[in-house]
Amino acid sequence: MRFLVLSDVHERVGPLERVLELHPAADVIFLGDGLRGVEDAAARYPDRRFITVPGNCDWSASQPATRVELLGGKRFFITHGHKYGVKYGLYTLQLAAKERQADVVLFGHTHVPYETYEDGMYFLNPGSLGYDERYGYVDITPAGILTGTAVLPR
């Protein structure tokens, strides 16, 4: 089971369309900033699951800033990250994720790709799809969890 992890599209729909076409079978987890464009894409791809949270630039969004989802038998803590001060460190985010008993922690906001495994949790920030054409993925397999980041091919 593959999940595309996208963040910080900032209304640049070209990279969004390209990554969706590159991974046609993957469900999408969007971490905010460019929510309107992702919602439009979700309408064009009704057979794909889109899980979204708003970012600090998604002013009119009415959804909560965080979500906890059970996906492939694993608990995902999903947030943009601005409410946890991720530009200044991950301590607050780590505490929130631990409180929610997360297996996978997904966040954006910094535009800087990041991935690590710490204290029993996988942390992934895919970077910015809109600015650097970077995205992430999470694969849930019988052997375990695999996370990574990639750059869209030109």
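Start at the largest pocket, which holds about 230 Å³ of space. (A pocket is an open set of points on a 1 Å grid over the protein atoms alone, where a 1.4 Å probe fits, with protein on both sides within 12 Å along at least five of seven lines; lining residues have an atom within 4 Å of a point. Its volume is the space filled by probe spheres set on the points, which are joined across faces, edges and corners.) Select Glu 11, Arg 36, Cys 57, Asp 58 and Trp 59: of the 14 lining residues, these are the closest to the pocket's centre. The lining has 4 nonpolar, 5 polar and 5 charged residues, where Ala, Val, Leu, Ile, Met, Phe, Trp, Tyr, Cys and Pro count as nonpolar, Asp, Glu, Lys and Arg as charged, and the others, Gly among them, as polar.

Before you click on: this is a predicted model, where local features need pLDDT of at least 70, side-chain atom pairs count only at pLDDT 80 or more, and totals for chains, interfaces and linings use all residues. Residues are numbered from 1 along each chain as its sequence is written, and side-chain values use heavy atoms, leaving out hydrogens and water.

Next, select strand β9, residues 134–141. (Buried means under 20% relative accessible area with a 1.4 Å probe, protein chains only; exposed is over 50%, and partly exposed is in between.)

Strand β10 (residues 144–151) runs antiparallel to β9, joined by 8 bridges, and the two form a hairpin with 2 residues between them. (Strands pair if DSSP finds at least two bridges between them.) Look for Val 138 opposite Thr 147. Strand β1 (residues 2–6) also pairs with β9 in the antiparallel sense, over 4 bridges, and there Leu 4 has Tyr 137 as its bridge partner.

Then click on Val 19. Which residues does Val 19 touch? Leaving out residues up to four places away in sequence, they are Leu 4, Leu 6, Leu 129, Tyr 135 and Leu 152, a touch being heavy atoms within 4.5 Å. Val 19 is one of the buried residues of α1.

Last stop: Glu 118, in strand β7 (residues 114–118). Glu 118 counts as partly exposed because its relative accessibility is 36%. Beyond its neighbours within four places in sequence, Glu 118 is in contact with Gln 94 and Phe 123.
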